[in-house]
Amino acid sequence: MARSRRSLTRQGWTASLFVVGSTCFLLGPLPGFVDLVGTRVDALVFFVGSLFFTSAATLEWTLTRATSRRAPELWSSGVQLAGTVFFNVSTFRALSTTWGDADYDDVVWRPDAFGSVCFLVSGLLAYAVVAGRLLALPPATTDGTMAALNLLGCLAFGAAALGSYVVAGSDTAVRVGVANAGTSLGALAFLAAAVLLLRDDLTRAG
């Protein structure tokens with residue numbers, strides 16, 4: 001049987017997995033979504049999303065190891081993979097907490113500090129590779145746009161993790177709002193970057 005010209009490459013499958021994971025993290029913090037499905041299902045959505053993130057990061061790490069010898073790229077993919085594992089742990093903990101307490105209605109999941117740091121380091125390294133240096137503007141290319149979007153997502157996750165714990169003088173509702181807004185914004189940026197990567201892969205395959 002002839003292979004379809006539009007079959008996804010490993011890069012395309014990586015992008016597809018990131019699309020699903022990002023969508024889960026985009027929906028999970030939305031108050032309307034939590035009200036619709038409940039905290040238990042919402043926590044499950046975060047956990048499933050983290051598994052898709054880890055699957056995508058693993059595939060990207062193996063692809064990078066096979067195609068690149070540049071240290072920043074290798075470190076970026078490796079640190080990103082470590083960050084997704086931290087998210088696996090924290091989302092599973094949140095899932096266990098909500099499943100064991102039907103009245104649990106605080107933050108279902110907040111960006112893990114260690115995972116967020118890993119994502120930020122990975123995003124900075126990847127941006128520097130594409131832009132040439134950290135403080136330079138990215139090139140007006142698909143790669144440049146994706147690097148900028150991914151860095152934006154990493155910064156948003158970091159801000160959510162930091163803000164949800166240390167917003168001085170704020171009440172729980174404010175901290176929840178900071179965590180949810182940062183998580184959704186970061187996930188939206190990751191989703192946009194993944195869609196660009198998927199489109200690029202399909203265009204090349206076609």
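These notes walk through the predicted model, from its overall make-up to a few single residues.

1. **Basis.** This is a predicted model: local features need pLDDT of at least 70, side-chain atom pairs count only at pLDDT 80 or more, and totals for chains, interfaces and linings use all residues. Numbering starts from 1 along each chain as its sequence is written, and side-chain values use heavy atoms, with hydrogens and water left out.

2. **Make-up.** The chain has six helices and zero strands. From the N terminus on, the order is α-α-α-α-α-α. Helices (H or I, at least four residues) and strands (E, at least two) are DSSP runs, numbered from the N terminus. Of the 206 residues, 43% are buried. Buried means under 20% relative accessible area, exposed over 50%, and partly exposed in between (1.4 Å probe, protein chains only).

3. **Contacts along the chain.** Take the contacts with a separation of 6 or more: 73% of them join residues 24 or more positions apart. A contact means heavy atoms within 4.5 Å.

4. **Helix α2.** This helix has 37 residues. Its end C-alpha atoms are only 42 Å apart, short of the 54 Å that a straight helix would reach at 1.5 Å a residue. The expected span is 1.5 Å times one less than the number of residues. Where does α2 bend? The bend is at Gly-38, by about 110°. That angle lies between axes fitted to the seven residues ending there and the seven starting there.

5. **Nonpolar cores.** The largest nonpolar core has 15 residues. Phe-18, Phe-25, Phe-53, Phe-119, Phe-157 and Phe-190 have the most contacts inside it. Helices α1 (10–27), α2 (31–67), α5 (142–166) and α6 (172–205) each give two or more residues to this core. Apart from it lies another core, of six residues, among them Ala-15, Met-146, Leu-197 and Leu-198. A core here is a set of buried Ala, Val, Leu, Ile, Met, Phe, Trp, Tyr and Cys residues joined through side-chain atoms within 4.5 Å.

6. **Aromatic pairs.** The whole structure holds 14 aromatic pairs. Phe-53 and Phe-190 form an edge-to-face pair, because their ring centres are 6.3 Å apart and their planes stand at 90°. Rings of Phe, Tyr and Trp (its six-membered ring) pair if their centres lie within 6.5 Å; planes under 30 degrees apart count as stacked, over 60 as edge-to-face and the rest as tilted. Phe-53 is in helix α2 and Phe-190 in helix α6, so the pair ties together parts 137 residues apart in sequence. Both residues are buried. Ring pairs also link a cluster, including Phe-46, Phe-53, Phe-87 and Phe-190.

7. **Around Phe-53.** Neighbours within four places in sequence aside, Phe-53 is in contact with Phe-18, Gly-21, Ser-22, Phe-25, Thr-84 and Phe-190.

8. **Ser-68.** This residue lies in the loop between α2 and α3 (71–100). Is Ser-68 buried or exposed? Ser-68 is buried, because its relative accessible area is 7%. Its side chain reaches the backbone nitrogen of Arg-70 at 3.1 Å. A polar contact of 2.4 Å joins the side chains of Ser-68 and Glu-73. Such a contact is a pair of N or O atoms within 3.5 Å; within protein, one must be able to donate a hydrogen and the other to accept it, and residues adjacent in sequence count only if both atoms are side-chain atoms.

9. **Val-130.** Helix α4 (residues 113–131) contains Val-130. Val-130 counts as partly exposed, because its relative accessibility is 30%. Neighbours within four places aside, Val-130 is in contact with Pro-139, Asp-143, Gly-144 and Ala-147.
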